[in-house]
Amino acid sequence: MKTFVLMAGGTGGHLFPAMALAQELLRRGHAVELMTDHRVESYGADFPARQVHIIPSATPSGKNPLRLVPVGLTILRGMATAHAKLRAIRPDAVIGFGGYPTFPPFIAANVLGIPGILHEQNAVMGRANRALARFADMLAMSFPETKFADQKGLDKVLTGNPVRDRVQAVIGTPYPTLDGQGVIRLVVTGGSQGARVLSDLVPEAIALLPQDVRKRLQIVQQARPEDVDKVADSYRRSRTSVEIASFIPDLPDRIAGAHLVICRAGASTVTELAVLGRPAILIPLPGSLDADQKHNALFLEQGGGGWVMEQATLSPQSLATRLHELLTDPAQLQRASDVARTLGQPKAVEKLADLAETLAGKPMQIEKGPKS
């Protein structure tokens with residue numbers, strides 16, 4: 001039995017792949033502990049770890065030196081806390097999943113000589129992972145091309161992005177039959193933190209669809225708690241069948257049963273769409289420094305598994321036009337479903353677990369990408 005410490009930022013995008021790896025390592029008889037921040041209470045309360053450690057961390061922002069001082073002090077405190085905990089745990093290897101909460105414990109592991117893997121979920125290497133690259137032994141990538149990865153001089157392995165057991169359970173579900181008369185199932189989700197723009201635009205776009213299409217719709221929409229009443233009222237006015245929730249615990253099952261998904265383009269969302277083979281209209285989160293969601297979305301679109309619509313130019317009318325085109329063309333949706341499935345990495349968690357075991361000392365042949 002080996003002991004692994006997983007390190008991740010406290011949002012769903014970082015915690016979900018870490019959770020998937022933890023589940024796989026536990027199945028293999030290993031011990032797993034998690035180091036993260038306080039947000040784990042919202043997104044990973046049921047994380048399958050022997051123990052969850054909250055490590056002090058902070059995100060550098062701005063260039064004002066006075067603001068950076070407390071950030072630096074918090075990071076140093078986090079490193080000291082993690083150093084003490086890691087000495088007590090004595091892990092065989094650590095795996096970091098990005099986000100600045102990974103920074104203090106991953107550096108502490110390096111100081112202690114513990115080997116470490118960085119896993120990058122996005123098609124753009126995150127800033128925390130870029131900063132930690134010099135302390136890592138390997139980089140596990142989710143996409144064949146990952147921006148900035150070639151600059152870091154790390155051994156690179158394409159593993160894919162691990163998906164949780166709940167997603168694994170519905171991989172292989174056939175695309176649901178869609179004809180000109182039956183129910184059309186649509187899932188709308190903004191990721192683990194929701195997306196207000198979807199609450200504003202999607203119901204209005206649905207209201208613009210012809211009645212013969214609209215009456216066939218069965219919609220499941222995730223909305224922030226403060227938006228639920230507004231969204232419900234909009235659908236009520238258009239007489240559209242909808243189920244609205246701020247959190248959808250069985251979201252993988254809903255996506256597997258959907259004909260089309262409207263969503264953001266976070267790494268976990270794009271990964272799950274691909275492995276489940278579901279076509280999607282992708283609306284990347286605008287304004288991020290490295291446009292990571294746009295790069296994720298373009299991977300799916302360029303492969304033929306989805307359609308990217310930029311938020312800056314999106315309107316209820318343009319979204320309604322695209323929806324009408326797709327929902328009245330079952331063959332196009334079926335083709336996109338088939339293609340999306342070919343872009344997925346359903347064995348990602350096994351590949352990453354193999355890599356972790358290798359680094360922890362278990363002999364195994366690993367096919368690596370080129371070292372830059």
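1. The buried residues of helix α14 are covered by elements that include β11 (260-263), α11 (267-276), β13 (306-308) and α13 (316-327), where contact means heavy atoms within 4.5 Å. Helices (H or I, at least four residues) and strands (E, at least two) are DSSP runs, numbered from the N terminus.

2. Q332, L333, A336, S337 and A340 of α14 are buried (under 20% relative accessible area; exposed is over 50%, partly exposed in between; 1.4 Å probe, protein chains only). They lie on the same side of α14 because they cover an arc of only 140° around the axis, taken from the directions from the helix axis to the C-beta atoms. Exposed R335 and T342 sit on the face turned away from that buried side.

3. This is a predicted model: local features need pLDDT of at least 70 and side-chain atom pairs count only at pLDDT 80 or more, while totals for chains, interfaces and linings use all residues. Side-chain values use heavy atoms, without hydrogens and water, and residues are numbered from 1 along each chain as its sequence is written.

4. Mean pLDDT (the predictor's confidence in each residue, from 0 to 100) is 91 for the protein chain, with 93% of residues at 70 or more. Residues 363-372 fall below 50, yet this stretch has 24 contacts in the model beyond near neighbours in sequence.

5. R130 places its charged end over the ring of F148, 3.9 Å from the centre; R164 lies over the face of F16, at 4.1 Å from the ring centre. The criterion is NZ of Lys or CZ of Arg within 6 Å of the ring centre and within 35 degrees of the ring normal.
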